[in-house]
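Please look through the sequence and the model shown below, and then read the short report that follows.

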Amino acid sequence: MLIPFTYDHDGERLSCVGGSADGSADGGAGGDSGGDSGEGGDGGGGGSKVTVVLLHGAGVGNKERLLPLLEEFVARGCRGLALDFSGHGESSGELGELSLKRRFEQAVAVIDASVPADAPLILVGFSMSGQTVADLAGHYRERAAALGLCAPAVYGATAWPVPFGDGTGLFSEIIRTPDSWRRAPALDVLRAYTGRAVLAVPGTDTVIPPAVTEAVAESLASRSRFTRLELPGADHMLGLWFRDHAEDRRRFVDALLNGQEDQGWTSARASAAK
């Protein structure tokens, strides 16, 4: 059962959804979280159950298209959480004022207010949120028991704090600089990651250069328990693809949850407890 709620952070009201199969919900059972006070807590139940966090991409991306995927995880016994970043979906704010840094900070704020501190995390990001997943993996460290990267992007460090603007400003100039992504700190984080990792690759991607995808794959293959999931019929918009293709949606969830009860959750809970 998924229940909508809102969370106030840094002058924005973020639209979120959360819940679990037993009916407990993140974010104060669907009401306002009380802002940055962190009153969302564990949402009235579920203890340290693993929580999957779904993060949408840029542009017109939003959490709504990810709800069927979130429901699939919840049906497998996970707690679920998704949010609209500011300027997206039902959240307040202007898209041009958003940045990679603010995306990371908004995700951390919602997770810390809505998820028990000892709960392992499955972090799933689409397109631009590939960068955000890497940022969160570096922040939560061993608590991040699994990463799902769907047609992910990564960016050079100089792009991280810069507002997106209108597509003609500094952020666009930085990311359009040839090979600027090769110096992305996210690749170092993914190279060091030792948990479960699944890279979903569409058959046709006109947004993410193949060299970026291969660099992400090589980084994940270094130390993680890595699976590459090919989706030959899909394009870059994997959130929409998973929404409309139940079999591939189940394959992706299967790949992320495979073996976790024996390997991932126990070590992630032990790390969080410390």
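Cys-78 is buried, because its relative accessible area is 3% (buried means under 20% relative accessible area, exposed over 50% and partly exposed in between, with a 1.4 Å probe and protein chains only). Cys-16, at 0% relative accessibility, also counts as buried, and the structure holds zero disulfides, a disulfide being a pair of cysteine sulfur atoms within 2.5 Å.

This is a predicted model, in which local features need pLDDT of at least 70 and side-chain atom pairs count only at pLDDT 80 or more, while totals for chains, interfaces and linings use all residues. Residues are numbered from 1 along each chain as its sequence is written, and side-chain values use heavy atoms, leaving out hydrogens and water.

Rings of Phe, Tyr and Trp (its six-membered ring) pair if their centres lie within 6.5 Å, and planes under 30 degrees apart count as stacked, over 60 as edge-to-face and the rest as tilted.

| Pair | Centre to centre | Angle between planes | Class |
|---|---|---|---|
| Phe-104 and Trp-160 | 5.9 Å | 45 degrees | tilted |
| Phe-242 and Phe-252 | 5.0 Å | 25 degrees | stacked |

Phe-104 lies in helix 3 (residues 100–114) and Trp-160 in the loop between strand 6 (144–150) and helix 5 (170–175), so this pair ties together parts that are 56 residues apart in sequence. Helices (H or I, at least four residues) and strands (E, at least two) are DSSP runs, numbered from the N terminus. Phe-104 is buried at 14% relative accessible area, whereas Trp-160 is partly exposed at 25%.

Both Phe-242 and Phe-252 are buried, and together with Phe-126 they form one aromatic cluster.
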